[in-house]
Amino acid sequence: MSRIRQWFFVALVALVAAGCAHNPFNIPREDYEQRVKVLGVAPIFMDADSDIRHPERDTLVTLVREYNRVNEKELVNMLRESGAYFMVRPIEAAAPDELFRSLLFRSERRDDAGVVYNKHFYKPDEIRTLVTQNSVDAVLLVVVSGLTMRDRTFASNLVKYLDTDYNVLTMTAQVLDANGTALWEYPNFRVGSPSTPVLAELQYPDFDQAAANMDERVEVKFKTIPGITRYLGKKEKDLLFRERKATAPYYHLFDDMVGLLKPPMDLFNRKDKKEASPAAAAPPPVQTVRPVERPVSQPVAAPVQAVSPQSAPAPEPVVAVPEPAPIREVPLDGSGAR
């Protein structure tokens with residue numbers, strides 16, 4: 001029995017530890033839900049000064065900015081449908097690039113537990129101005145940036161592979177309050193096995209060229225701008241075969257982020273139709289009472305009963321009236337009645 005209790009205690013501790021490890025926020029979830037009821041969502045930024053090694057760098061930066069504008073509205077809609085906030089308010093900016101430069105303090109390449117990503121730091125005073133001017137509790141900042149990271153890519157035959165450095169586009173995000181405190185970050189190291197959130201791979205190994213030349217050396221090439229354009233603009237359908245509004249590379253990262261922010265239940269259960277109050281409820285249907293039909297009795301003088309003023313009159317008994325006797329006919333010849 002003691003061994004069973006020990007195993008039960010170990011399992012309970014493991015469950016508690018797992019629950020604590022799966023808190024995706026930098027502060028307790030309850031505190032986050034109390035502090036952030038109105039979330040502002042800034043335009044998706046493009047860090048043009050990041051590690052982008054594509055030979056057509058300027059064209060690529062312009063392309064990513066265009067797809068940021070195309071997809072950022074759907075991120076707002078997905079956050080609204082998550083039930084995590086009373087209101088999700090998009091922050092309008094005539095020049096998103098200028099806003100990003102005014103907010104950014106510095107950025108650095110991080111390698112935390114094998115997860116490589118770009119960490120952005122912002123100016124507290126500028127964040128406070130952004131939050132207060134837009135009347136929100138916190139602001140979500142999403143940044144697309146270039147990054148070089150080591151990865152393993154397999155050939156189409158799944159036999160050969162190449163471990164080397166690849167240039168990619170990655171997406172990171174933070175929720176900051178008016179003090180510039182990061183309440184939540186993406187990639188998130190508190191849930192599952194974190195990985196680098198890659199938006200698009202800019203390079204690929206040319207295994208076919210190496211095989212055609214019987215060369216063990218595999219050349220790593222950059223994808224073309226038309227190829228990257230087709231990839232960033234790729235659309236997918238949901239389970240009901242409806243085309244999603246966000247393009248596929250953006251949607252999958254949005255879905256991952258919103259999944260980490262989404263509460264176990266809708267915190268603000270707002271329905272399209274408000275429930276009617278008891279006072280405004282519809283009255284029950286009125287039942288029509290039909291009077292009891294009584295047979296008409298012969299005009300018999302009934303004695304008048306004195307009614308006591310203290311008591312209500314007793315209901316009249318229903319008197320069964322016999323059927324009328326047949327009418328006898330008297331013949332005109334005086335022979336007597338039949």
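**Aromatic rings**

Mentor: The count comes to 7 aromatic pairs. Keep in mind that this is a predicted model.

Trainee: Take F45 and F100. What is the distance centre to centre, and what is the angle between the planes?

Mentor: The centres of F45 and F100 are 5.1 Å apart, with 35° between the planes. That pair is tilted.

Trainee: Which parts does the pair tie together?

Mentor: F45 lies in strand 2, residues 45–47. F100 lies in helix 4, residues 96–103. So the pair ties together parts that are 55 residues apart in sequence.

Trainee: F45 and F100, buried or exposed?

Mentor: F45 is buried, and F100 is buried too.

Trainee: Which residues do ring pairs link into a cluster?

Mentor: F25, Y32 and Y85 are linked that way.

Trainee: Switching to charges. Where does R106 lie?

Mentor: Over the face of F121, with 4.2 Å to the ring centre.

Trainee: And the charged end of K223, which ring does it sit over?

Mentor: The ring of Y231. The charged end of K223 is 5.8 Å from the centre of that ring.

Trainee: Now the surface. Which residues make the nonpolar patch of about 340 Å²?

Mentor: F154, L158 and Y161 make that surface patch.

Trainee: Where is the place of F154?

Mentor: In strand 6, residues 138–154.

Conventions
Residues numbered from 1 in each chain as written. Predicted model: local features only at pLDDT ≥ 70, side-chain atom pairs only at ≥ 80, totals over all residues. Heavy atoms only, no water. Phe/Tyr/Trp six-rings, centres within 6.5 Å; stacked < 30°, edge-to-face > 60°. Helix = DSSP H or I, 4+ residues; strand = E, 2+ residues; numbered from the N terminus. Buried < 20%, exposed > 50% of the residue type's maximum accessible area, 1.4 Å probe, protein only. Lys NZ or Arg CZ within 6 Å of the ring centre and 35° of its normal. Patch = residues over 30% accessible without salt bridge, like charges linked within 9 Å, V, L, I, M, F, W, Y side chains within 5 Å. Areas by Shrake-Rupley, 256 points an atom, 1.4 Å probe, with all protein chains shown as cover. Salt bridge = Lys/Arg side-chain N within 4 Å of Asp/Glu carboxyl O.
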